[in-house]
Amino acid sequence: MTTPQNAAVPRTRLPEGKMPELRVMPAPSDANVYGDVFGGWIMAQVDVAGSLPATRRANGRVATIAVNSFLFKQPVFVGDLLSFYAEIVKVGNTSITVCVEVYAERNRLQADVVKVTEAQLTYVATGPDRKPRQLPPLDSLISHE
Ligand SMILES: CC(C)(COP(=O)(O)OP(=O)(O)OC[C@H]1O[C@@H](n2cnc3c(N)ncnc32)[C@H](O)[C@@H]1OP(=O)(O)O)[C@@H](O)C(=O)NCCC(=O)NCCS
């Protein structure tokens, strides 16, 4: 059935062989009166999803220093099941840059998948003093793969 929510929107699949960092369903309180989910709510979830691989790579606390890019390509609706995939794309001395992609399963049907958002954020490893901290060497980390 064609509804305003699914007309002429490119369909895709959830990325194969990857685990989402987060899966969450927005509630009516996360949306405006038209049922479209607030961008700020999506940004908060993206920030949490991106912080998870950054925290693992930093082996400790991180702070978000920058949102480098953020694209709301398709609207998100109440009841969409959102999957947030996050991948580290760059590592510096203290910073970790993460790409986050968000897919919506509309109407709770996995066959009806739309990529809704793509963002890139940078996190900085911080110490107990909240100052930047050198990232630990990769070989000192326990693998989560
Ligand atoms: C995060 C924080 C501790 C970093 O301290 P800072 O003195 O500003 O950081 P520096 O200038 O030393 O830069 C640290 C790293 O961030 C990178 N960075 C700085 N500005 C950046 C920007 N605009 N975009 C991307 N990366 C940036 C630097 O290149 C550096 O990376 P590297 O060590 O890998 O080369 C500090 O900025 C801070 O506390 N900010 C507030 C964080 C916050 O409240 N976030 C929201 C809630 S988590």
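This is a predicted model: local features need pLDDT of at least 70, side-chain atom pairs count only at pLDDT 80 or more; totals for chains, interfaces and linings use all residues.
Numbering runs from 1 along each chain as its sequence is written.

Okay, the overall layout. We've got one helix and five strands, and by those I mean DSSP runs, H or I of at least four residues for helices and E of at least two for strands, numbered from the N terminus. Going along the sequence, you read β-α-β-β-β-β. Along the principal axes, the C-alpha atoms fill a box of roughly 55 × 30 × 20 Å.

How much of the protein is buried? Of the 145 residues, 28% are; buried means 20 or more other C-beta atoms within 10 Å of a residue's own, exposed means 12 or fewer, partly exposed is in between, and the C-beta atoms are placed from the backbone. As for contacts (C-beta atoms, placed from the backbone, within 7 Å), take those with a separation of 6 or more: 71% of them join residues 24 or more positions apart.

Now the strands. I call two strands paired if DSSP finds at least two bridges between them. β3, residues 81–91, and β4, residues 95–105, run antiparallel with 10 bridges, and a hairpin of three residues connects them. If you want a spot to look at, Glu87 has Cys99 in β4 as its bridge partner. Then β4 goes on to pair with β5, again antiparallel, over 11 bridges. There, Glu105 is bridged to Val113 of β5.

On to the ligand. Which residues are closest to it? Ala66, Gly92, Asn93, Thr94 and Ser95, out of 14 that surround it; a residue counts as near if its C-beta atom, placed from the backbone, lies within 6 Å. Two elements give two or more residues to that shell, β2 (62–72) and β5 (113–125), and β2 gives the most, with four. By type, the shell has five nonpolar, seven polar and two charged residues. Nonpolar here is Ala, Val, Leu, Ile, Met, Phe, Trp, Tyr, Cys and Pro; charged is Asp, Glu, Lys and Arg; the others, Gly among them, are polar.

Last stop, Asn32. You'll find Asn32 in the loop between β1 (22–24) and α1 (39–58). Asn32 counts as exposed because it has 9 other C-beta atoms within 10 Å. Its C-alpha atom is 9.7 Å from that of Val78, 46 residues away along the chain.

Note on methods:
Two residues are in contact if their C-beta atoms, placed from the backbone, lie within 7 Å.
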